[in-house]
Amino acid sequence: MAMKDLQIKRRLRNYLPNLPSDILKIIIMLIFVFPFYWMFITAFKFYNEAIQTPPTLWPVNFTFSNFTNIWEMEVSFTRYFINSVVVTASIIVMQLVIMVPAAYAFAKRDFPCKGILFGVVLVAFMIPGQVTYIPIYLMMAKFKLIASLWPQILPFAANAFGIFMLRQSFKQIPDELIESARLDNATETQIQTRIMLPMCKSAMVTIALFSFVSHWNAYFWPLVMTNNEKYRPLTMYIEKIKDAEYGLIWNNIMAANVILVIPVLIFFFFASKKIIQAFAYNGVK
Amino acid sequence: MAEIRFEKVCKFFGSNKVIENLDLTIQDGKFTVLVGASGCGKTTLLRMIAGIGPATSGHVYMDDKDITDMDPGKRDIAMVFQNYAIYPTMTVKENIEFGLKNRKVPKAERERLISEYAAVVGLTEYLDRKPGTLSGGQRQRIALARAMVKKPKVFLMDEPLSNLDAKLRVAMRTELIEMHNRLKTTFIYVTHDQVEAMAMADQIVLMNKGQIMQEASPEVIYRDPNNVFTAQFIGTPPMNVLDYTECQVGFRPEKVHISRESHDAAFARTGKVLTREMLGSETQYKVLLDGVETPIMVKTADDSYVFEDNVVLSVEEEDLYFFNNEGARIRKGDVADFDKYIRIAGGKNNA
Amino acid sequence: MLNNTVTQSNLRRRIKLRSYLTSYVMILPAIIFLLIFTIYPMGKLIQLSLWQGNAANAYKKFQGLENYRQILTVRREFKNALINTGVYTAAIVVLLISFSVIFAVWMQKDRKINNLAQSAFFVPHLVASVSCAFIWSWIFSTDTSGLMNAFLKLFGVPARNWLGSSKTAMICIIVMNTWKSIGYYALIILSALKSIPAEIYEAARLDGSHNSKTFLKITLPMLSPQLFMLLITITTGSFKVFDSIRIMTNGGPGTSTQVLCMFIYEFAFNRPNSLGLACAGGVMLMLILILITLFDFKSLEKKVHYQ
């Protein structure tokens, strides 16, 4: 059909000016992703190949031995891995339990001093760990909690950002819904779990995601809150390898990094569009 | 002032064909209204004239100059958008000035034009305000002033009144008509509201699914529709159309004579009143005729009938319209045996 | 009759009180945690900054405002850290805002390649700072396996000690953190860009405005609220930088990359009897952050409302 030919020619003509820009885009994308690529392939190289020049873009001798090496090192990474998992999971669970009723109350219920109490949430929003850690450390030391995972979990149980976001989300649910549920004799818990939460799924997912990424990747906080390797998470394990007997063994270090990075990347791979949406549309406060 | 001509234009969105092989000439200086339901292609045509939604193939001419691929800014055309599209971060004055500045109009001339047209739309005291502080009607005036100040050859309007409340809409309607009478420029106006179209247009172009159903003055479209679609699109309530095996017969609710005794006319039937809507100067009845499935709408000044009344509806011969089964109009001069249709209407042909 | 109205209003009051009680119960855990782990530490930090001590005994000797005098005038370390942090912040703010806008505009159209680009640029944000720091440390390293020098050698550019030279160490940190966060901020700007109605761009074309003019006069002003938010977020974020610097340079070489948080960390537990100084530094950091956020709120009230 002549029409189709015309269309194809026109489409091609319309695309051509984009070509140089697209090529540049691809080049920059590759440059951006390259460090991770480099990390990945190094994790599967032997030490000699890892440090050789000129560097190889694909392992000539592919190996899993780095992973077994770091497993068998003096302090195996399983302990660190478990710590990361336990800490992150506990934080998310505690945040959920604490955050939901609070956000609901601030959004839909009236009570005296509501403004001041919400002000507490807002102030907490502003103040980061780098400011609060010294007093918290002293507090934890006094209660003999330093030798445990609690200092990494408890301070984050109340997520000011989460309360703020969830409150926004709850506010958008029409009051009539709640009133008619009350007329049906629903308890407050039922209202929250069966009405409000299902309607705010995306906000909840966003908050959980932010929390997961932020605490799984945490380094500073565990650094200052632990003084025993037993309680340290994966992020600190990587640093430990650096100081190990052999010094900067890049292939081992990268193997450890791969393990740290993989869970987040797996999530991202499966839900990238949703994750990007979550971070972008809720990113700024 | 310019004439716009479409020659065999087609518009595809991906593989979706919206307009195919359309020819249309929009007369110079007239107020032409493109009207039709959503998706009929009217806004698509408008955007082709503006250059912001170019045709997939075909040509658009302005006064015989081919503008099909010309840059929108160089076409000497102004457009008022449905949502006004005013620049929110600029003041009213800067909004109106923007196009002039881009054309390098000297400052003195700019100031003169701005104060002239701001006065015309009644926004002189608001020149230093930001659009966010103004009402919907005022924002629309900014859009109008911005369009007028360019002194374009053609004014395009894409449903500019649809976001205004009813009262304001009616007021703005007359203002736009006055504007057209004063400026005498070509106005091309898009709407889905047939009342608006009838009230404002010198020429109506009725569209459906990318095709032009009829192109004529409001009077002609009302009195002499070319097809069933046109007949039923214009007029509230729409024309009653009855289906027969050989043809379709139509008549307008305003032309139906309602009475209690039988009345001799080309079309006469008995029936019962189903609903009654009192509209003030007129009353609208829905009547179910014996032997006819579709209820008939009647619009009359007589408000004496009530629910379940037995009535006789009759229509004179000159108020009957005939259409073939594909919907095209059958006029007296078209066929040899025109009386056959009248007989069918009268029920005397037992078909 | 009268009896009924009295008991009725009593009943109503009790129902109201019960409702308040339920609400308090709902917010109680959150408020308790926030008070214990945010509000109380703020006060405690100020108190600690008035004493001299260490981790074992924080209240050895009362100093009053002497600690503040020390860090602001006598000891060089704090001022140095402040300057380094300032330099870092300024560079990051300029780089991140300009590049995220550029990238966002570049990735604006809804095409497959742009969706891919959004993901590609965003990934570094999800990866731990420490991991990113390790990878880039290696890229910048002076070993034979250091990619940066190997890459530059191809162009005949001589190798440099990137992380070991006080002139270039900060640059490396800035590069790493810019790379990490561009995608995230670009996405935020992108969502703001997409909320600009297409009609405005069409009206601009009809007004004879072209790409760069439309961008400067229409797009950018419409983005200004988001850009402002970004400015605040990036600034407060960059004052907290720690992880990447610790891994890549640990404050060195010398003290050229010692930032505020490293100063606090160093003085808190790694030196004898300097806990008070660290806390004074912490209070300064707190003040800076509060000031920035207050400035943010104030300006927000003024700026908004052009819709």
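This is a predicted model: local features need pLDDT of at least 70, side-chain atom pairs count only at pLDDT 80 or more; totals for chains, interfaces and linings use all residues.
Visitor: Which residues make the contact?
Guide: On the side of H3(C) the contact is made by C:Thr85, C:Tyr88, C:Thr89, C:Ile92, C:Val93, C:Leu96 and C:Ile97, while H9(C) brings C:Leu227, C:Leu230, C:Leu231, C:Ile234, C:Thr235, C:Ser238 and C:Phe239. By class, the residues of this contact are 10 nonpolar and 4 polar, with no charged ones.

Visitor: OK, stepping back to chain C, how many helices and strands are there?
Guide: Chain C has 12 helices and 2 strands.

Visitor: What radius of gyration does chain C have?
Guide: For chain C the radius of gyration is 26 Å, whereas a compact globule of 307 residues would have one near 19 Å. Along the principal axes, the C-alpha atoms of chain C fill a box of roughly 100 × 70 × 30 Å. Of the 307 residues in chain C, 41% are buried, and among its contacts with a separation of 6 or more, 70% are between residues 24 or more positions apart.

Visitor: What about chain A, how many helices and strands there?
Guide: Chain A has 15 helices and 0 strands. Its radius of gyration is 25 Å, well over the 19 Å that the globule rule gives for 285 residues, so chain A is more spread out than a compact globule. The box filled by the C-alpha atoms of chain A, taken along the principal axes, is roughly 75 × 70 × 30 Å, and 38% of the 285 residues count as buried.

Visitor: How many residues of chain C are in contact with chain A?
Guide: There are 72 residues of chain C in contact with 68 residues of chain A. On the chain C side, helix H1 of chain C (residues 2–48) gives the largest share, 20 residues, and that side divides by class into 54 nonpolar, 14 polar and 4 charged residues.

Visitor: Switching to chain B, is strand S8 mostly covered or exposed?
Guide: Strand S8 of chain B, residues 186–191, is mostly covered, with 6 of its 6 residues buried. B:Thr186, B:Ile188 and B:Val190 point one way from S8(B), while B:Phe187, B:Tyr189 and B:Thr191 point the other way.

Visitor: Which way do S3 of chain B and S8(B) run?
Guide: Strand S3 of chain B (residues 31–35) runs parallel to S8(B), joined by 5 bridges, and B:Leu34 has B:Val190 as its bridge partner in S8(B). Strand S7 of chain B (residues 154–158) also pairs with S8(B) in the parallel sense, over 5 bridges, with B:Tyr189 of S8(B) as the bridge partner of B:Met157.

Visitor: And the open sheet of 5 strands in chain B, what order does it have?
Guide: The order in that sheet is S13-S17-S14-S15-S16 of chain B, with antiparallel pairing. The edge strands are S13 (257–259) and S16 (296–300) of chain B, each of which pairs on one side only. Within the sheet, neighbouring strands are turned by 40° against each other on average, direction ignored.

Visitor: How many bridges join S14 and S15 of chain B?
Guide: Strands S14 (residues 267–278) and S15 (residues 283–289) of chain B run antiparallel and are joined by 7 bridges, and B:Glu277 stands opposite B:Gln284 in S15(B).

Note on methods
Residues are numbered from 1 along each chain as its sequence is written. Chains are lettered from A and ligands numbered from 1 in the order in which they are written. Two residues are in contact if their C-beta atoms, placed from the backbone, lie within 7 Å. Helices (H or I, at least four residues) and strands (E, at least two) are DSSP runs, numbered from the N terminus. Ala, Val, Leu, Ile, Met, Phe, Trp, Tyr, Cys and Pro count as nonpolar, Asp, Glu, Lys and Arg as charged, and the others, Gly among them, as polar. The radius of gyration is taken over C-alpha atoms; the globule rule is 2.2 Å times the number of residues to the power 0.38. A residue is buried if 20 or more other C-beta atoms lie within 10 Å of its own, exposed if 12 or fewer, and partly exposed in between; C-beta atoms are placed from the backbone. Two strands pair if DSSP finds at least two bridges between them. Axes are lines fitted to C-alpha atoms, for helices over the stretch in contact, and angles run from 0 to 180 degrees between N-to-C directions.
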